[in-house]
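Dear colleague,

I am handing over the structure below, and I would be glad if you looked it over before reading my notes, which follow it.

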Amino acid sequence: MFSAIARIFRTPDLRRKIAFTLAIIALYRFGAHIPAPFVNFPNVQTCLRASEGTEGLLSLVNLFSGGALLQLSIFALGVMPYITATIIVQLLRVVIPHFETLYKEGQSGQARLTQYTRYLTIALALLQSTTLVTVARSGQLFGTTGVPECQQLLTNDVWWAQLLMIITMTAGTGLIMWFAELVTERGIGNGMSLLIFTSIAAAFPASMWAIAQSKGFEVFLLVLAVGIVVVALVVYVEQSQRRIPVQYAKRMVGRRTYGGTNTYIPIKVNMAGVVPVIFASSLLYIPALIAQFNQPQAGEEVPAWVAWIQLYLVRGDHPLYMALYFLLIVGFTYFYVAITFNPVEVADNMKKYGGFIPGIRAGRPTAEYLDYVLTRITLPGSIYLGLIALLPLIALATVGANQNFPFGGASILIIVGVGLETVKQIDAQLQQRHYEGLLR
């Protein structure tokens with residue numbers, strides 16, 4: 001293992017790629033701590049110390065930005081606009097035939113889709129930065145903490161100052177997108193995934209230290225032990241797949257023989273990744289957002305529907321919230337897998353190139369068989385996603401450590417998934433040069 005790591009630094013090309021990636025990550029983390037113009041930085045830090053953070057979608061955005069959202073930094077929006085734009089463009093392939101045509105065109109068509117994703121990212125960044133500045137100006141960013149400083153997060157709230165903040169945060173999102181593409185082209189691994197990994201990993205030490213300070217050393221050791229078990233289980237499930245054997249018949253093209261090989265179709269247990277968790281969190285945050293904008297004036301009675309939402313759909317430790325969250329994740333997992341894996345298209349491609357599954361006729365029976373396997377393997381995958389996502393809520397209900405519990409939800413799925421993929425890429429590059437990889 002140590003000799004393989006030493007070979008990484010002895011390989012000039014690989015060493016240069018890793019150094020470039022680390023330099024971009026350092027710039028990204030540096031920008032996450034630079035406050036945007038007209039932000040009252042001392043008041044923001046006071047509110048951060050007095051508040052336990054936010055719930056719902058804002059908590060997810062703050063997680064993906066590495067805490068930059070609540071600090072109102074120039075990188076406050078983080079990678080969330082790009083993630084949202086990518087998911088939207090992917091979903092539009094089902095609705096808009098032109099997008100599906102571009103996807104099937106190959107590299108040129110996918111380059112056009114990437115360009116559409118960039119434009120949509122900037123548009124979403126404008127919308128989200130406007131919302132963030134408006135919420136910060138209203139003093140509701142940290143909720144009702146009772147700290148007077150939280151009502152004065154901006155040093156100047158005139159229209160041109162707010163416009164400058166919006167432009168700065170939108171430009172920060174564009175810069176992050178450029179950083180990610182640079183890492184993908186000239187560094188190691190997927191740039192956007194690595195920036196998300198960095199944002200989440202940066203919050204781990206502070207979260208663990210907060211648990212040790214607030215709950216004691218015994219709870220800290222318990223959380224650490226649970227975290228090790230959860231990471232091991234997530235690695236096991238993320239690597240699990242059902243391999244459907246495929247055989248290709250021999251065919252003559254001119255004087256050459258093609259085919260006659262055996263391969264397989266790998267169907268992962270968790271094909272949807274972390275997307276269903278993001279979908280479910282976003283959808284559950286909508287009622288809380290509507291209730292927040294319908295708060296009564298001083299002295300007026302709270303409407304019954306607002307009180308019901310605040311009781312059941314705001315705090316994550318309520319059983320109804322947990323049940324809805326779990327069911328939404330299961331439903332979105334089936335939905336996302338259905339639109340990203342098309343059994344009919346796979347069966348047609350196999351038939352086109354002379355491939356078949358042993359014991360299954362080519363064409364429609366193959367598509368039905370793939371759909372049968374996919375439907376049944378998605379069930380344990382969706383339950384696994386739901387249980388992992390519920391871990392922070394269970395921690396909140398038991399030891400009150402939701403905001404500081406790092407081993408669960410989207411965070412652990414991204415940390416493990418990106419870590420495994422990056423190690424595989426480094427291992428593949430080592431094997432190209434030394435015939436011996438990082439993993440044995």
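Helices (H or I, at least four residues) and strands (E, at least two) are DSSP runs numbered from the N terminus. This is a predicted model, in which local features need pLDDT of at least 70 and side-chain atom pairs count only at pLDDT 80 or more, while totals for chains, interfaces and linings use all residues. Residues are numbered from 1 along each chain as its sequence is written, and side-chain values use heavy atoms, with hydrogens and water left out.

Within H14 (residues 343-352), the buried residues are Pro343, Ala347 and Met350, where buried means under 20% relative accessible area (1.4 Å probe, protein chains only). They lie on the same side of H14, because they cover an arc of only 60 degrees around the axis, taken from the directions from the helix axis to the C-beta atoms.

Elsewhere, the axes of H2 (residues 12-31) and H8 (residues 159-186) come within 9 Å and cross at roughly 170 degrees, the axes being lines fitted to C-alpha atoms over the stretch in contact, with angles running from 0 to 180 degrees between N-to-C directions. That makes H2 roughly antiparallel to H8, a term for angles over 145 degrees. The contact (heavy atoms within 4.5 Å) involves, among others, Phe20 and Ile24 of H2 and Phe179 and Leu182 of H8.

Overall, the protein chain has 16 helices and five strands, and 43% of its 440 residues are buried.

Best regards

How values were computed. Angles under 35 degrees count as roughly parallel, over 145 as roughly antiparallel, 65 to 115 as roughly perpendicular and the rest as oblique. Buried means under 20% relative accessible area, exposed over 50%, partly exposed in between (1.4 Å probe, protein chains only).
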